[in-house]
Amino acid sequence: PKQPPHIPIVDVGGPAPQVPCLHMAELFHGPTHCFKDFGMRALVGFLSYFATKRSRPITLLVATTGDTGPAAVKAVEDVANPLLNLVVHYPKGQIPE
């Protein structure tokens with residue numbers, strides 16, 4: 001089985017004397033280096049589970065102008081469930097170069 005992505009927790013220091021320490025999760029360590037990887041992988045895992053449990057295909061439709069599309073593509077690719085389909089819509093003229 002695939003290993004879950006590692007989420008580093010970094011000590012960034014406290015913002016004030018009353019708060020001596022502050023930690024931050026670095027969510028850009030996923031497969032597409034985008035914070036959306038973590039939420040998308042959870043969503044796709046649930047969709048894959050229910051598609052298999054019900055023996056019915058599920059199609060995930062994503063509209064994006066940025067990081068959501070690649071995160072969704074990678075998450076669906078990684079679960080490799082033939083019952084899970086993905087359609088990604090990139091609006092014409094709205095994608096940054």
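The model is predicted, so to speak of local features a pLDDT of at least 70 is needed, side-chain atom pairs count only at pLDDT 80 or more, and totals for chains, interfaces and linings use all residues. Residues are numbered from 1 along each chain as its sequence is written, and side-chain values use heavy atoms, with hydrogens and water left out.

**The salt bridges**

Side chains of opposite charge can pair when their charged atoms come close. Here a salt bridge is a side-chain nitrogen of Lys or Arg within 4 Å of a carboxyl oxygen of Asp or Glu.

| Pair | N to O distance |
|---|---|
| Arginine 41 and aspartate 78 | 2.9 Å |
| Lysine 74 and aspartate 78 | 3.1 Å |
| Lysine 74 and glutamate 77 | 3.7 Å |

**How they sit in the helices**

Helices are DSSP runs (H or I, at least four residues), numbered from the N terminus. Arginine 41 lies in helix H1 (residues 36-54) and aspartate 78 in helix H2 (residues 68-79), so this pair, 37 residues apart, links distant parts of the chain. Lysine 74 and aspartate 78 are both in helix H2, and because they are four residues apart, about one helical turn separates them. Which helix holds lysine 74 and glutamate 77? That is helix H2 again, where the two are three residues apart and so also separated by about one helical turn. Put together, Arg41, Lys74, Glu77 and Asp78 are linked in a network of salt bridges.

**Buried or exposed?**

The words here follow relative accessible area: buried is under 20%, exposed is over 50%, and partly exposed is in between (1.4 Å probe, protein chains only). Aspartate 78 has 18% relative accessibility and therefore counts as buried. Arginine 41, at 22%, is partly exposed, and lysine 74 is partly exposed too, with 25%. Glutamate 77 counts as exposed because its relative accessibility is 51%.

**One more residue in helix H1**

Arginine 54 is also found in helix H1. How exposed is arginine 54? Its relative accessibility is 55%, so it counts as exposed. Arginine 54 and leucine 83 are 29 residues apart in sequence, and their C-alpha atoms are 10.0 Å apart in space.
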